[in-house]
Amino acid sequence: MQGLAIAPRRPAAAVRFRAAIEPRVTVRRHRRRNAFTLIEALIAATVLAVAVLAISMSLCAGHVQSREAVHGRRAIRLAEEMMEYIVSRPYYDPDGSGGEGPEGGETDVSTFDNMDDFDVYVDPPGALTDMAGNAYPLEYQAFRRSAEARYTTAAPGGLGASIPGLSVTITVSGPAGRRWRMTRFVPKPTD
Ligand SMILES: [Ca+2]
Ligand SMILES: [Ca+2]
C-alpha cells in the first residue's frame, strides 16, 4: 500500500448541495445588484429632476427680473419725456384764464398751452406718442400713461415757509400691472 496516494474525496452529497445552491446564490447576487442599480437610477433621476427644477426656477427668475428691468426703463422714458414737456410749458395760461385741466378749445396735447392743462390727461390706449405726435415703437404700446397737475403748496425742509406751486405727477402702468410714478413740484413764478 506504500506509494499509493488516495485523494480526499469530496462527499457526494456536499457536491450536489453546492451545485444546487450556487446558481441560486448567483441569481440572488444578480438580483441584489440589479435592485441596487435600480435604486441608484431612481436616486440619480430624482437628483437630476431637482437640479433641473432649480435651474429652471433660476432661469425663470432671471428672465422675470430682466423683463421687469426692460419695462422699468421704458416706463421711466415715457414718464420723463412727458414730465420734461409739461414743465417746459408756461406756468400760466396765455389767456390768463382757466385753471387745472384744459380750457375751451384745448382738445389735445398739441393745443395745451400751459402746465395745468395736463391735469387728468390720459394717453389714448395703444396709441402712445411722444410730445411731437410721433408714435412710440410697438413695445411701448402696452403701457398706459396719465398725468395730473394740481395747484398746492410745498414746505421744503429748512425754509420754514410754504411755497405755492403746481404738483405734476406722471403715472405709467406696465403690461403686467406694475406702476411707476414720477412727481415734480413747480414753484409759482414770482411776479
Ligand atoms: Ca391752457
Ligand atoms: Ca388749464
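This is a predicted model: local features need pLDDT of at least 70, side-chain atom pairs count only at pLDDT 80 or more; totals for chains, interfaces and linings use all residues.

Guide: Four strands form an open sheet in the order 1-2-3-4, with antiparallel pairing. Strands here are DSSP runs of E of at least two residues, and helices are DSSP runs of H or I of at least four, both numbered from the N terminus. Two strands pair if DSSP finds at least two bridges between them.

Visitor: Which strands stand at the edges, and why is one side of each left without a neighbour?

Guide: Strand 1 (121-122) and strand 4 (179-187) stand there. Each has a single partner strand, so one side has no neighbour in the sheet.

Visitor: Okay. What pattern does the chain follow along the sequence?

Guide: The pattern is α-β-β-β-β. That is one helix and four strands.

Visitor: Back to the pairing. How many bridges join strand 2 and strand 3?

Guide: Eleven, in the antiparallel sense. Strand 2 covers residues 144-154 and strand 3 covers residues 163-173. Arg150 stands opposite Ser167 in strand 3.

Visitor: And how many for strand 1 and strand 2?

Guide: Two bridges, again antiparallel. Val122 stands opposite Ser146 in strand 2.

Visitor: What about strand 3 and strand 4?

Guide: They pair over nine bridges, antiparallel too. Leu166 faces Val186 in strand 4. The hairpin of strand 3 and strand 4 has five residues between the strands. There, Gly177 takes a positive phi near 95°.

Visitor: Which residue other than glycine has a positive phi?

Guide: Val120 is one, with phi near 60°. Val120 sits in the loop between helix 1 and strand 1.

Visitor: Is Val120 buried or exposed?

Guide: Val120 is exposed, because it has 12 other C-beta atoms within 10 Å.

Visitor: How about Ala147, buried or exposed?

Guide: Ala147 is buried, because 23 other C-beta atoms lie within 10 Å. Ala147 lies in strand 2.

Visitor: What does Ala147 touch?

Guide: Leaving out residues up to four places away in sequence, Ala147 touches Met82, Ile86, Phe118, Tyr121, Val168, Thr169 and Ile170. Contact means C-beta atoms, placed from the backbone, within 7 Å.

Visitor: Which residues touch the most other members in the largest nonpolar core?

Guide: Ile86, Ala147 and Ala149, out of 16 residues. Helix 1 (12-88), strand 2 and strand 3 each give two or more residues to this core. Helix 1 gives the largest share, five residues. A nonpolar core is a set of buried Ala, Val, Leu, Ile, Met, Phe, Trp, Tyr and Cys residues joined through C-beta atoms within 7 Å.

Visitor: Last one. How much of the chain do buried residues make up?

Guide: They make up 12% of the 191 residues.

How values were computed
Residues are numbered from 1 along each chain as its sequence is written. Chains are lettered from A and ligands numbered from 1 in the order in which they are written. A residue is buried if 20 or more other C-beta atoms lie within 10 Å of its own, exposed if 12 or fewer, and partly exposed in between; C-beta atoms are placed from the backbone. Two residues are in contact if their C-beta atoms, placed from the backbone, lie within 7 Å.
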